Amino acid sequence: MNIQQIAGEVVKLIREGKNKQAKDTFYADDIVSVEGNGDTLEGIEAIYQKSVDWAAQVSEVHSASVSEPLIAADHFALNIKMDISYKNGYRAVMDEIAVYEVNDGKIVFEQYFFKS
């Protein structure tokens, strides 16, 4: 698969609510992930745990959307928006840019940019 196909499939899976399948299929085992606050995780297991930990805090997703990918060389970017309520009662609208680096058909790096 080329980067356009990978990016398109990632978007399709996210839109279908199949985020774990997207990770299972396209993330490298040694992926590096950098959050908007600078926190860095290494390895697919840490990424899975980050998703589990985040989901445990959310009580409701009111809406979610992901843009078409913007592709340049071995990177693609997505605009991800979500309106969510947390279990502590706080409601937030998240609006972030996610940038992914692809190498040999796998996502090897992701970084999120957002205003907190």
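**Close-up views of the predicted model**

**View 1. The largest pocket.** The largest pocket has a volume of about 1200 Å³. On a 1 Å grid over the protein atoms alone, a pocket is an open set of points with protein on both sides within 12 Å along at least five of seven lines, and lining residues have an atom within 4 Å of a point. Its volume is the space filled by probe spheres set on the points, which are joined across faces, edges and corners. Of the 42 lining residues, Asn-19, Trp-54, Met-82, Met-94 and Glu-96 lie nearest the centre. H3 gives the most to this lining, with 11 residues.

This is a predicted model, in which local features need pLDDT of at least 70 and side-chain atom pairs count only at pLDDT 80 or more, while totals for chains, interfaces and linings use all residues. Residues are numbered from 1 along each chain as its sequence is written, and side-chain values use heavy atoms, without hydrogens and water.

**View 2. The buried side of helix H3.** Ile-44, Ile-47 and Tyr-48 of H3 are buried (under 20% relative accessible area, 1.4 Å probe, protein chains only). They cover an arc of only 100° around the axis, which puts them on the same side of H3; the arc is taken from the directions from the helix axis to the C-beta atoms.

**View 3. Strand S7 and its partners.** S7 pairs with S1 in the parallel sense over 4 bridges and with strand S6 (residues 91-103) in the antiparallel sense over 7 bridges; pairing requires at least two DSSP bridges between the strands. Val-32 stands opposite Phe-109 in S7.

Conventions
Buried means under 20% relative accessible area, exposed over 50%, partly exposed in between (1.4 Å probe, protein chains only). Helices (H or I, at least four residues) and strands (E, at least two) are DSSP runs, numbered from the N terminus. On a 1 Å grid over the protein atoms alone, a cavity is a set of points where a 1.4 Å probe fits but cannot get out, and a pocket is an open set with protein on both sides within 12 Å along at least five of seven lines; lining residues have an atom within 4 Å of a point.
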